[in-house]
Amino acid sequence: MDPIAQKLFDYLKDAIYRPAKAALDPEEIPEDFRDLARGLVYYVESVREVTTLADDIARGELNTSPLSPGNEVASGMKSLQASLRHLTWQTQQVAKGDYQQRVSFMGDFSEAMNDMIEQLDKRRQEMTHEIEAGHEKNEALMADVDKLTAISYRDPATGIYNRRFGMETLEKWRDEGQGFIICFIDLDNLKYVNDEFSHAQGDAYIALAVDLLQGFDSNAYVCRIGGDEFMILARGWDEEPANERMATLRNEMLSINERPETRYHHSMSYGIVAVGQSDPRPSSELLTIADERMYQFKRAHKAERKVYA
Amino acid sequence: MENVFAAPKSHNTFAWENLGNIKEGRGDLGEEMPVLVYRLMQFTMLDILTESYGSEKANDLFRDAGFLAGTEFAKNTLDLNVDLNAFVANLQKALEDLKIGILRMEAFDAETGNLMLTVGQDLDCSGLPLTNETVCNYDEGFIAGILEAYTGKHYEVREVDCWANGDRTCRFRGTVLQD
């Protein structure tokens, strides 16, 4: 082979198989072949830049720019780099929740990517609906729980608070260190009214007592703790004014006995105990005291009962 | 003879409405024309401007014209009250529909407002013979005008890669200028 042709051939071979060693100085080439040598060097350098860019892209490095201006050999690779950079941005937007992103002009890849974004959006919408449905169910359940809780604290016959509510409130107030009074009330004669007149009459008698007791204080809790037994829990009251208030209410009830249509004696007995803010006595003791005072009251007023024909 | 019905404005001062009713005016030929005609006008105009003012000034004038076009285009055809992603999506669609180019966002810095985007198959330069120079000065202004209309910030947009210097995609860097 001609020595010049051999030199150019070797350079090209090195450029392909041993690129690090490939070297050619066009100035050493005779003038007739110098432009060919320059073109060859330019082409080899252009390809080398393309290879470097391809390696960078393969490593995921999308922001490098190893190209000389005007390297037309690299234009396809540069378009690929631009597409990947754009896809990176689009994927970041999708990751942030923008499911309106669409890829275009990238053939099958566009279709696959757009399908994926649509599926992600669909799944997100389904999950949103599921979460919303879950919230609604949860709210409905919570409403049911609230309703049941409310029911569990009420006496079904009168609608006022029941024993459970009364005892829990008492313990809660004690835990909070609050001062209040406990008033036990026993409705006199209820058994007699039930037996002699009817349970409907007995219920009316209870309803009348409830109306009366609720007038104790609008902030007090009136609880039915047994068939003919009630308890009032009231903050901001002391024993003496509470006794006076109960005496007033009892007198109101006794006044019913003066009405001509009244067929049985209306009366109630009560016992009050005041609970201090840091009262050392256990609740059971306080309840016993209130109960005892109520029975003392009942015994003391037994003789007052009016007898009806 | 004075025509009292003629519009008082001159066509030498741009106004969006002076673009006229193209659909009606070109009932048979339609609203589209070959890119060749667009480039014929643009590059002959560049030639004459360069001859008169030098290439740097000619490029500046092209950039300024592009800016005016971008601002008016954004104000008259785009919804400027949506979030960035929706705005970019709308812009992409508008540029595709009008066959201006394929816009692709590569990076956006939410803090500074700086961005990098590419325009593929660009109306101005795709397929131009290689000259080792960036030629999309009109595009630079056009993009800056759009960005300014949307963000209210002053942008300097420069083409960092151009088809005419061997890249198949034109890449633009937009930098917010501090007032």
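Me: Is the crossing of H2(A) and H3(A) left-handed or right-handed?
Reply: Left-handed. The term applies if the near helix is turned anticlockwise from the far one by less than a right angle; clockwise is right-handed. This is a predicted model: local features need pLDDT of at least 70, side-chain atom pairs count only at pLDDT 80 or more, and totals for chains, interfaces and linings use all residues. Residues are numbered from 1 along each chain as written, chains are lettered from A and ligands numbered from 1 in written order, and side-chain values use heavy atoms, without hydrogens and water.

Me: What makes H2(A) roughly parallel to H3(A)?
Reply: The axes cross at roughly 20° and come within 10 Å. Therefore H2(A) counts as roughly parallel to H3(A) (under 35 degrees; over 145 is roughly antiparallel, 65 to 115 roughly perpendicular, the rest oblique).

Me: Why is H2(B) called oblique to H3(B)?
Reply: Their packing angle is about 135°, with axes 7 Å apart. That makes H2(B) oblique to H3(B). The crossing of H2(B) and H3(B) is right-handed.

Me: Which residues of H2(A) meet H3(A)?
Reply: Val50(A), Leu53(A), Ala54(A) and Ile57(A). Their partners include Met77(A) and Leu84(A). Contact means heavy atoms within 4.5 Å.

Me: How do you know that the span of H4(B) agrees with its length?
Reply: Expected span is 1.5 Å times one less than the number of residues. For the 14 residues of H4(B) that should be 20 Å, and the end C-alpha atoms are 20 Å apart, so the two agree.

Me: Which residues in H4(B) are buried?
Reply: Among them are Phe87(B), Leu91(B) and Leu95(B). Buried means under 20% relative accessible area, exposed over 50%, partly exposed in between (1.4 Å probe, protein chains only). Their cover includes H3 of chain A and H5 of chain B.

How values were computed: Helix = DSSP H or I, 4+ residues; strand = E, 2+ residues; numbered from the N terminus. Axes fitted to C-alpha atoms, helices over the stretch in contact; angles between N-to-C directions.
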